[in-house]
Amino acid sequence: MSAYDFTLPAIDGGTIDLGAWTGRPILVVNTASLCGFTPQYEGLVSLWQRYRDQGLMVVGVPSGDFGGQEYDDAARTRDFCTITYGVDFPLASKQVVRGDAAHPLFRWLVASLGQDAQPRWNFHKYLIDGEGRAVANWPSRVEPTAPEVVAA
């Protein structure tokens, strides 16, 4: 099994099929609109704009798991992200990202990377390599444009 075997419901309806990006690295981030880390959207947009022509995909996965810091209304989340931060990378609909009820992609990420990869708050970042393997993760406090993220 690889990351390319997973899909996520898209925020606008439809499906985000990670398999559509086979051979490309993907940065998956659990996001929230009302969090102290929410300004990291700026770094995610910057990373996406800088590296997308080289193949990088960024996927935001809104979640209310940590303090209920995501809107319940998908349109409100989408509008907030696009208007406030200029997000134009794919966004999933709101998902559970932690524990037994987590979306299967997040359960797979933790199984692949170990229990320390369990998101402890919003804006936990996971890197999937061009082979579909989970290869790295960074906690919320690590900015998307931090040298260790960019180098990976």
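This predicted model contains 0 disulfides. C35 and C81 are the cysteines to look at here, and their sulfurs sit 12 Å apart. The chain also builds an open sheet of 4 strands, with helix α1 packed on it.

**Cysteines**
- The sulfur of C35 has its closest cysteine sulfur in C81, at 12 Å, and that is too far for a bond.
- A disulfide needs the two sulfur atoms within 2.5 Å, so a 12 Å gap rules this pair out.
- C81 is likewise in no disulfide, as its nearest cysteine sulfur is that of C35.
- Are these cysteines buried or exposed? C35 is buried, with a relative accessible area of 8%. C81 is buried too, at 0%.

**The sheet**
- The strand order is β4-β3-β5-β6, and the pairing is mixed.
- β4 (57–62) and β6 (134–138) are the edge strands, each pairing on one side only.
- From one strand to the next, the twist averages 20°.
- Helix α1 (residues 40–51) packs on the sheet and touches β3, β4 and β5 (125–128). The direction of α1 makes about 165° with that of β3.

**Strand pairs**
- Strands of a sheet pair through backbone hydrogen bonds, in either a parallel or an antiparallel sense.
- β3 (residues 26–31) runs parallel to β4, over 6 bridges. Within this pair, V29 stands opposite G60 of β4.
- β3 pairs with β5 in the antiparallel sense, over 4 bridges. Here L27 has L127 of β5 as its bridge partner.
- β5 and β6 are also antiparallel, over 4 bridges. L127 has A136 of β6 as a bridge partner, and K125 has W138 of β6.
- The hairpin of β5 and β6 has 5 residues between its strands. In this hairpin, G132 takes a positive phi near 85°.

**Two covered faces on β5**
- In a regular strand, side chains alternate between the two faces of the sheet.
- Which residues of β5 lie on each side? K125 and L127 are on one, and Y126 and I128 are on the other.
- These four residues are all buried, and both faces of β5 are covered.

**Helix α2**
- α2 (residues 74–85) has 12 residues. From its first C-alpha to its last, α2 reaches 16 Å, close to the 16 Å expected at 1.5 Å a residue.
- T77, F80, C81 and Y85 are the buried residues named in α2.
- Why do they fall on the same side of α2? They cover an arc of only 90° around the axis, which puts them there.
- An α-helix has 3.6 residues a turn, so residues three or four places apart point the same way.
- R76 and I83, on the other side of α2, are exposed.
- The cover over the buried residues of α2 includes α1 and β4.

**Helix α3**
- α3 (residues 104–113) has L105, F106, W108, L109 and V110 as its buried residues.
- Their cover includes β1 (7–9), β3, β4, β5 and β6.
- G114 follows α3 and has a positive phi, near 100°.

Note on methods: Residues are numbered from 1 along each chain as its sequence is written. This is a predicted model: local features need pLDDT of at least 70, side-chain atom pairs count only at pLDDT 80 or more; totals for chains, interfaces and linings use all residues. Side-chain values use heavy atoms; hydrogens and water are left out. Two strands pair if DSSP finds at least two bridges between them. Axes are lines fitted to C-alpha atoms, for helices over the stretch in contact, and angles run from 0 to 180 degrees between N-to-C directions. Contact means heavy atoms within 4.5 Å. Buried means under 20% relative accessible area, exposed over 50%, partly exposed in between (1.4 Å probe, protein chains only). The expected span of a helix is 1.5 Å times one less than its number of residues. The arc is that of the directions from the helix axis to the C-beta atoms.
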